[in-house]
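Let us walk through the links that side chains make with one another in a protein chain, taking them in turn and asking where each partner sits.

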Amino acid sequence: MSDKKLMLIFGILALIFISNGAFAWLSGWIYRKPITITENSGNTLTDYQVKLTIDTQTLINDGKMNSDCSDIRFTDASDNELSYWIESGCNSANTIVWVKVPNIPASSTATIYMYYGNPDATSESNGDNTFEFFDDFDDSSLNTSKWTNVGGGTITETNGYLQIDYDGSGNAP
């Protein structure tokens, strides 16, 4: 077979793959890493929050990730963006990130992708979009749209913790 015919065949196959999304890539990102999630319970999991531990320190030190992890994104196999929340540890070997995965088949695997390497990106980390119920207690003010004091006592939010002082009488101690 001639070189021209091989090039033509390769070109046609490349167009087919590209048009079918086989080479899909989140626009603006330089790096993509596949993450395989294994389901072991025998149940299909829907909108399931998966905890990931990621070495962002090495990626940041290598100049591949923004120093505040603002360029982290996750997608499913079709490159649909997934909700995620960075819990702690950006620029550490043990950055904790939760990702809401739409479907993990029973006794099987699902592959998601982590994108990084976009210096112009701003963080889209969002606990409210990732979890059914979320409050990280990080603003020193009780969110009354999520919490109601029905038994008396004093409720305070400080440094990421919710403190409830209650003496059982229905009155603040």
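A salt bridge is counted here when a side-chain nitrogen of Lys or Arg lies within 4 Å of a carboxyl oxygen of Asp or Glu. In this model, which is predicted, the structure holds 3 salt bridges.

Consider the pair formed by D79 and R32, whose side chains meet in a salt bridge with an N to O distance of 4.0 Å. This pair links distant parts of the chain, since D79 belongs to the loop between β3 (73-75) and β4 (81-82), while R32 belongs to strand β1 (residues 31-38), and the two are 47 residues apart. Are the partners buried or partly exposed? D79 has a relative accessibility of 14% and therefore counts as buried, because buried means under 20% relative accessible area. R32, with a relative accessible area of 27%, is partly exposed.

E81 itself is partly exposed, its relative accessible area being 44%.

R73 also meets the side chain of E124 in a salt bridge, this time with 3.6 Å from N to O. Here again distant parts of the chain are linked, for R73 is in strand β3 and E124 is in the loop between β7 (109-116) and α3 (127-130), 51 residues apart. Like the value given for E81, that of E124 makes it partly exposed, at 45% relative accessible area. Which residues do salt bridges that share partners join into one network? They are R73, E81 and E124.

We turn now to a link of another kind. A disulfide is a covalent bond between the sulfur atoms of two cysteines. The structure holds 1 disulfide, and it is formed by C69 and C90, whose sulfur atoms are 2.2 Å apart. The torsion about the S-S bond of C69 and C90 is about 100°, so this disulfide is right-handed. Because C69 lies in the loop between α2 (56-61) and β3, and C90 in the loop between β5 (84-88) and β6 (95-104), the pair ties together parts that are 21 residues apart in sequence.

Notes:
Residues are numbered from 1 along each chain as its sequence is written. This is a predicted model: local features need pLDDT of at least 70, side-chain atom pairs count only at pLDDT 80 or more; totals for chains, interfaces and linings use all residues. Side-chain values use heavy atoms; hydrogens and water are left out. Helices (H or I, at least four residues) and strands (E, at least two) are DSSP runs, numbered from the N terminus. Buried means under 20% relative accessible area, exposed over 50%, partly exposed in between (1.4 Å probe, protein chains only). A disulfide is a pair of cysteine sulfur atoms within 2.5 Å.
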